[in-house]
Amino acid sequence: MQRCLRPRFAMGLLAAVFLLGGPGQTRAQAEASSVTQRHYQIPAGALAPALNRFALEAGVVMYFDPGLTEGKHTRGLRGHYAVPDGFAALLLGTGLSAEPEARGQYVLRREGGEGGDGANSLPRVTVTGELDPRGRAYRTPGSMTIISRDQIDRMPPRNTSDVLAAVPGVHTSQSRQDPGVSVNIRGLQDFGRVNVMIDGTRQNYQQSGHGSNGQVYVDPELLAGVDISKGPSSGAGGAAVIGGMVNFRTLDVDDLLEPEQKAGGRVNATTGDNAYHFSGSVAGAVRASDNVDLMAAVSRKNVGAFKKGERGGNSGGYWHGTSQFTGQEQWSALLKSTWRFADNQSVKFSYIGLRADFDEGSNTAPGSDATDENQIHSDTFLINYAFYPGSRWWDLDASLYYTRTRNDEYRPDDPDDDYGEFDLRYETNTVGGTLVNRMEVPVGDWRGSLDLTYGGEFYHDWTRPDNSGDERGADWFSGPTPEGERSVISAFTTARLAHYDGWELTGGVRYDWFRLEGDGEMFVGRHKNEDGVRPPYTLLYSKFDVARHDGFVSPTLKAAWQVANPLQLFASYGQGVRPPAITESIMWGAHIGNTFPFFPNPGLEPERSRTWEVGANLNWQSLFKNGDRLRMKTAWFDTRVKDYITQGRVIGPAPGASTSQSLAFVNLRDEVRFYGLEWQAEYDAGGYFLEASWTRTLHDLGRGGYDPYPLGCFTDCLPTTIGDANGGGMFYLLPPVKKGTLSAGLRLLDRKLTLGARARYEDNDGRGGSAYEDVVDWTVYDAWASYQPNDRLTLRLAVDNLRDRNYAELNGLSYWIAPGRTVTGTVSLKF
């Protein structure tokens, strides 16, 4: 790399936090827990399960005589509550109250009385609360997965894509050269089909290439967890989305401080072999007062070119040895501050930034030269507002954000080409916001509840490619990743009707409106010059403008039934619409080196999806032994996309235009279908645990015909076989047919020592041709251990690819060989 990062932007961030507030007196943990407000969403229903769930999520201990709750129901809980207020809201109208005891525990009693007849002699149900970030996924009637911080810590990620390795139905596309991540959900990816966010802010960066069309940049060191939901949504984040949503949640004050702490933080440091040089972070937080929190974090990553696995695979330099250009240098920063300026209102300010240096090259063999050198700048500014008065009518959240991702790319001189060196810049800017309110509608004496959620969101993208005044770059890069603007405005509402007997029905609808504008200069053909004239042809160009807008309505419907206490069945149907992206509509210019032209297609139809889903949740407590827990989720899905947009060979509008390799984005005439089965499960018995996931994905791409004249013809369109129905196609590799993971662990020495192992499996049905058939279907084993001698210090050891298997991963239009065996050690210290 010719350029190195300057980390000055990150220096001093932690110092600012501690200057604003230092260590104070420690409050009792029980008292701190009782005044700390959290957001709860507990549905109406039987009282005992609702109390159990509240205690678990609040992190408190509660015990009660089961006779007190028999036959009683609650209207549920929604909004921000401290522990006493939450108990009071759940118990409203039941004649019961939750009374705190001296040691911070809670006991359920009759109002003004004791804990029931014979309360001192009857056995009590005890609920011990532990923060359980993944539990919500198994209570949600729909396909959802939550990744917690402790799962990320087991195997230190080399790239952000490693964080998603065990999620059913989710795949990533990367070359390991670019530190960004592109997410595929159930076969859908690119151009906003999947909404990938950081703290709820859309990351819509676009850059055309031979891999995925857009990456998201975030350092896993700064993550608190990841939330994944699949399919269309009638809620926030679902505008112009057909595949699903992925939200990377960054660290917050509550992730760094215990309830009784005034100040503290965490230091992580990881190093290893196979060029895993360093990955680490320093994060600190301060509760400057009861109403003001501040936190800051800085992270650093430095990994080099890794060695590929030696076991299996093909012979030859490409398949084994060092994978050139897989080194990356990163600095990241995170700042957050929350101000509770009233008893029921708060505002939070956040900044997430990343700087990364990396090289790319199509030939990864040792001694080859890089084709481009890249420097990524990603900045996100976010403001959140919350209004939670404890009223059934108001539980409001709002956000406003700005995100900019820029890649300054340098193309060195290549002796095999004749266009020399040049500089480029790709940039995508996004301004967006959301407004959501949740309310409870009175239903009188009816044994149930009616919740209404409504709101809106918007985002506005604009791209700014720059070829630094080099006219050669205008056709080669400003066209394929064009300049343009796109806006999406959306309004949505959902109504959830729940009955105390365990069934619920949720209906939703959203309206999306979009606007797209841009212009360019397209190649339309060539004119043959007279004999003897040089050059023999005159190339013809035409300027064009694009300005269009449209609106769409998309409904969703979901039904769920709590068959018994551990088992819930659910089914859903949803429609989604994705309008064309800037690149899909306005792409022009030529492939680098003027190899072949690209044409715009301003008349693209939006993609329309229909998704059916049928599934079940299982939550079983004390199944084989007292205190153990079994959780499962399974779902069958069927997604069909009409007017799917992909690249195809086309014919220009002018007579004599070359038809050999002209490309444009086109709508497929046949529906594209992805369907299959997903399953995930967790079993935890305290001393040992198991986690598993399985995905079976099938597809039907139809025959794939399309219009070969997207711009029409200046004269009569000549007959052609281009665009004929001869097999559907995607502009990226399809996900594996089968994917599975199995993790198991033991907790020893009073849970101070944890030993674990994981198996990962993929079956790509031998894709990639004979050259890849030995590396695309694989099973890889990993192992980890952690030791926590005290509450502050944790030591970790991990081995990725234990048997040094040579295997391949998805990378847009091809497969790339993954890292070989990598051993890492981590020291984590809380202060």
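1. Let us begin with Ala275, which is buried, its relative accessible area being 16% (buried means under 20% relative accessible area, with a 1.4 Å probe and protein chains only). Ala275 sits in the loop between β16 (263–272) and β17 (276–289); strands here are DSSP runs of E with at least two residues, numbered from the N terminus. Its phi is near 65 degrees, a positive value in a residue other than glycine.

2. A word on the source: this is a predicted model, in which local features need pLDDT of at least 70 and side-chain atom pairs count only at pLDDT 80 or more, while totals for chains, interfaces and linings use all residues. Residues are numbered from 1 along each chain as its sequence is written, and side-chain values use heavy atoms, leaving out hydrogens and water.

3. Though not a glycine, Ala240 has a positive phi of about 60 degrees. Its place is the loop between β14 (223–230) and β15 (244–250), and with 4% relative accessibility Ala240 counts as buried.

4. Finally, how do β9 and β14 pair, and over how many bridges? They run in the antiparallel sense, with five bridges. Ile146 has Asp227 in β14 as its bridge partner.

Terms used
Helix = DSSP H or I, 4+ residues; strand = E, 2+ residues; numbered from the N terminus. Buried < 20%, exposed > 50% of the residue type's maximum accessible area, 1.4 Å probe, protein only. Pairing = 2+ DSSP bridges.
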